[in-house]
Amino acid sequence: MDNKQEELFEKQIRFIARHYQEDKLDENRAWEKFSTQANIKRVFPFRRYLMAVASVALILIAVHIYYVSERSPEWVVIATGPEEIREICLTDGSRITLAENSQVTYDAKIYGKSGRAFGLEGKAYFEAVRDEARPFSVETHLGEVTVLGTSFQVTNKVNAMEVEVYTGKVRLDIKESDQHEILTAGMSARYGTDDPEIHILTEEHMNSLSWKTKQLRFENTLVEMVIADLSEYYHMTIVNKKATTGVSLTATFQEQPLEEVLLIINQTLDIRLEPLPDN
């Protein structure tokens with residue numbers, strides 16, 4: 001700078017020093033005016049630049065962590081072992097009774113908020129509280145059952161799935177297919193890979209919940225169906241060693257040992273039901 005410019009610069013500095021009052025001076029406006037007159041370029045400090053970048057990065061990281069934590073599922077897995085039955089009470093009042101050797105999975109973070117969805121392996125009885133805004137659904141590897149509010153049972157086997165409806169109405173959708181059915185109370189459906197068609201039964205199966213109620217009921221039931229129900233309930237293969245046709249049974253059994261049940265049936269019907277020995 002020449003002498004005139006230096007004198008002008010000094011006058012400006014003195015003026016600022018004489019009239020400066022704390023908290024009254026707008027630093028940015030004063031600097032802009034001063035640097036323009038003095039032909040001085042303001043350089044943003046590198047350290048302040050790094051602090052600004054770090055602040056933005058921290059904000060982005062915090063937003064990301066919040067977003068991930070809110071979006072990440074909170075999986076709940078409930079399983080049962082042999083001869084174990086488990087009751088599950090859900091936050092919306094719905095209930096699940098899980099049969100032995102079975103498992104249900106659901107996302108506790110969104111259950112009752114944006115959905116009510118379950119994965120199922122094995123067998124379970126569902127009592128879904130009605131909520132039209134948030135349907136209740138059960139998914140297996142073969143299909144999905146959707147309800148608004150009802151009681152039903154789903155059995156998921158290796159090569160088949162079965163659905164039985166006790167109250168209300170459900171929708172069954174088969175995966176990788178456009179097949180679907182609406183089932184109402186008293187109806188049941190079966191779908192399997194051996195016969196990829198939905199088979200509907202309109203006759204109620206009285207002992208479909210015997211694993212839960214511990215009760216076997218027969219009302220003029222053909223002995224072939226009696227044998228099938230006994231075999232499933234007691235997990236043993238029951239056979240009739242006496243040739244009979246057209247024989248039926250009316251009886252109720254409540255948590256009785258197999259030997260006692262077979263003795264009563266054999267004496268009542270004059271047949272020979274026996275369990276096959278384990279190999």
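**Exercise 1. Strand β16**

Which residue stands opposite Phe 253 in β16? Then find which face of β16 is covered and which is uncovered.

*Solution.* The model used here is predicted.
Step 1: Leu 216 stands opposite Phe 253.
Step 2: Strand β14, residues 215–222, pairs with β16 in the antiparallel sense, over six bridges.
Step 3: Sort the residues of β16 by face. Leu 249, Ala 251 and Phe 253 make up the covered face. Ser 248, Thr 250, Thr 252 and Gln 254 make up the uncovered one.

**Exercise 2. Helix α6**

Find which residues of α6 are buried and how they are arranged around the helix axis.

*Solution.* 
Step 1: Look at the span. α6 has twelve residues and reaches 16 Å from its first C-alpha to its last, close to the 16 Å expected at 1.5 Å a residue.
Step 2: List the buried residues, meaning those under 20% relative accessible area. In α6 these are Leu 258, Val 261, Leu 262, Ile 265, Asn 266 and Leu 269.
Step 3: Look down the axis. The buried residues of α6 fall within an arc of 125°, so they line one face of the helix. An α-helix has 3.6 residues a turn, so residues three or four places apart point the same way.
Step 4: Turn to the other side of α6, where Glu 259, Gln 267 and Thr 268 are exposed.
Step 5: Ask what lies over the buried residues. The cover includes α5 (223–234), β15, β16 and β17.

**Exercise 3. A hairpin and its salt bridge**

Describe the hairpin formed by β10 and β11, then follow Arg 171.

*Solution.* 
Step 1: Strands β10 (residues 169–174) and β11 (residues 180–184) run antiparallel and are joined by five bridges.
Step 2: Five residues lie between the two strands, and Glu 176 in the turn has a positive phi of about 55°.
Step 3: The bridge partner of Arg 171 in β11 is Ile 182.
Step 4: Arg 171 also forms a salt bridge with Asp 173, with the closest N and O atoms 2.8 Å apart. Arg 171 is partly exposed, at 33%, and Asp 173 is partly exposed as well, at 24%.

**Exercise 4. The nonpolar cores**

How many residues has the largest nonpolar core, and which of them have the most contacts inside it?

*Solution.* 
Step 1: The largest core has 31 residues, and Phe 126, Phe 136, Val 145 and Phe 152 have the most contacts inside it.
Step 2: Strand β5, residues 116–127, supplies the largest share of this core, four residues.
Step 3: Take Phe 152. Leaving out residues up to four places away in sequence, Phe 152 touches residues including Phe 126, Phe 136, Val 145 and Val 170.
Step 4: A second, separate core of 20 residues includes Leu 216, Phe 218, Tyr 234 and Ile 238.

How values were computed. Residues are numbered from 1 along each chain as its sequence is written. This is a predicted model: local features need pLDDT of at least 70, side-chain atom pairs count only at pLDDT 80 or more; totals for chains, interfaces and linings use all residues. Side-chain values use heavy atoms; hydrogens and water are left out. Two strands pair if DSSP finds at least two bridges between them. A salt bridge is a side-chain nitrogen of Lys or Arg within 4 Å of a carboxyl oxygen of Asp or Glu. Buried means under 20% relative accessible area, exposed over 50%, partly exposed in between (1.4 Å probe, protein chains only). A nonpolar core is a set of buried Ala, Val, Leu, Ile, Met, Phe, Trp, Tyr and Cys residues joined through side-chain atoms within 4.5 Å. Contact means heavy atoms within 4.5 Å. The expected span of a helix is 1.5 Å times one less than its number of residues. The arc is that of the directions from the helix axis to the C-beta atoms.
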